[in-house]
Amino acid sequence: MLRSFEEALRRLKDENIRVTSQRKAILEFLAYSNEHPTAETIYQAIAGKFPGMSVATVYNNLKLFTKIGFIKELSYGDASSRFDFCTEPHYHVICKRCGQIADFHYPNLEDVEMAASKLTGYDVEDHRLEVYGFCPKCQAEIIK
C-alpha cells in the first residue's frame, strides 16, 4: 500500500519500471487528486505538458499502476472507470447527480467478509460498499 507519490516513484525504480515524465505526471495527478478521476480527466489535465501524448498512454499507465497495486480501478456499470490512489480499505459515497466520489472509513465492516464466508462457503477475498446520495454542491443547486 502506497502512502505517497514519492514512495510510488521509489517503488517503480525498485521494480525496474522506467519512470518516464508522462508516467510520473499521471501518478502525481492521482496522488494529489481529491477526486477519483477518469482516464479522460487525467488526460485533459496533463495533455498540455505532453503535446504528443495520446489518451492510450494514460490508459496503458493506469493498467500498469492497477496491475502492480499502486491504484484501484473503480468501475460502475456503463460509466467510465475511475481511479483511486488510496488502496487501503475504505468505502465510497457517490453523488447520483454529478458522479463525484468521496472516501469514507467505517470500522468493522470487514466482519461482513467473515460472515459471508461462513454463511455461503465462499472463499471471500474482498468487498466493496457504495453509498449513493447528493453531494453538497448538487444539494445546493437542487434547492435553488
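The following legends describe close-up views of a predicted model.

**Figure 1. Overall arrangement of secondary structure in the predicted model.** The protein contains six helices and five strands. Read from the N terminus, these elements follow the order α-α-α-α-β-β-β-β-α-β-α. Taken along the principal axes, the box filled by the C-alpha atoms is roughly 50 × 45 × 25 Å.

**Figure 2. Helix H1 against helix H2.** Helix H1 spans residues 5-14, and its axis comes within 9 Å of that of H2, with a crossing angle of roughly 145°. The crossing of the two helices is right-handed. From H1, the residues in contact are Phe5, Glu6, Ala8, Leu9 and Leu12, while H2 supplies Arg23, Lys24, Leu27, Glu28, Ala31 and Tyr32. Sorted by class, the residues of this contact comprise seven nonpolar, no polar and four charged.

**Figure 3. Helix H2 against helix H3.** The axes of H2 and helix H3 (residues 39-46) come within 10 Å of each other and cross at roughly 115°. An angle of 65 to 115 degrees counts as roughly perpendicular, and H2 and H3 are therefore described as roughly perpendicular to each other. H2 passes H3 with right-handed geometry. On the H2 side the contact involves Ala25, Ile26, Phe29 and Leu30, which meet Thr41, Ile42, Ala45 and Ile46 of H3. The contact of H2 with H3 holds seven nonpolar residues, one polar residue and no charged residues.

**Figure 4. Helix H2 against helix H4.** Here H2 (residues 21-32) and helix H4 (residues 55-67) have axes that come within 10 Å and cross at roughly 65°. This angle makes H2 roughly perpendicular to H4. The crossing of H2 past H4 is right-handed. H2 contributes Gln22, Arg23, Ile26, Leu27 and Leu30 to the contact, and H4 contributes Thr57, Val58, Asn61, Leu62, Leu64 and Phe65. Seven nonpolar, three polar and one charged residues make up the contact of H2 with H4. Among the H2 residues named here, Arg23 and Leu27 also take part in the contact with H1, and Ile26 and Leu30 also take part in the contact with H3.

**Figure 5. The open sheet of strands E4, E3 and E5.** Three strands make up this open sheet, in the order E4-E3-E5, and their pairing is mixed. E4 and strand E5 (130-133) lie at the edges with a single partner strand each, so one side of each has no neighbour in the sheet. From one strand to the next, the twist averages 25°. Strands of a sheet pair through backbone hydrogen bonds, in either a parallel or an antiparallel sense. E3 and E5 run parallel and are joined by four bridges. Within the sheet, Cys95 stands opposite Gly133 of E5.

**Figure 6. The hairpin of strands E3 and E4.** Strand E3 (residues 91-95) pairs with strand E4 (residues 101-104) in the antiparallel sense, over four bridges. Ile94 is placed opposite Ile101 of E4. Five residues lie between the strands of the hairpin, in which Gly99 adopts a positive phi near 85°.

Figure 7. A pair of aromatic rings is described by the distance of the centres and the angle of the planes. With ring centres within 6.5 Å as the criterion, the count comes to three aromatic pairs. In one of them, the ring centres of Tyr91 and Phe104 are 6.0 Å apart and the planes lie at 45°, so this pair is tilted. The pair links distant parts of the chain, with Tyr91 in strand E3 and Phe104 in strand E4, 13 residues apart.

Definitions and conventions. Residues are numbered from 1 along each chain as its sequence is written. This is a predicted model: local features need pLDDT of at least 70, side-chain atom pairs count only at pLDDT 80 or more; totals for chains, interfaces and linings use all residues. Side-chain values use heavy atoms; hydrogens and water are left out. Axes are lines fitted to C-alpha atoms, for helices over the stretch in contact, and angles run from 0 to 180 degrees between N-to-C directions. Angles under 35 degrees count as roughly parallel, over 145 as roughly antiparallel, 65 to 115 as roughly perpendicular and the rest as oblique. A crossing is left-handed if the near helix is turned anticlockwise from the far one by less than a right angle, and right-handed if clockwise. Contact means heavy atoms within 4.5 Å. Ala, Val, Leu, Ile, Met, Phe, Trp, Tyr, Cys and Pro count as nonpolar, Asp, Glu, Lys and Arg as charged, and the others, Gly among them, as polar. Two strands pair if DSSP finds at least two bridges between them. Rings of Phe, Tyr and Trp (its six-membered ring) pair if their centres lie within 6.5 Å; planes under 30 degrees apart count as stacked, over 60 as edge-to-face and the rest as tilted.
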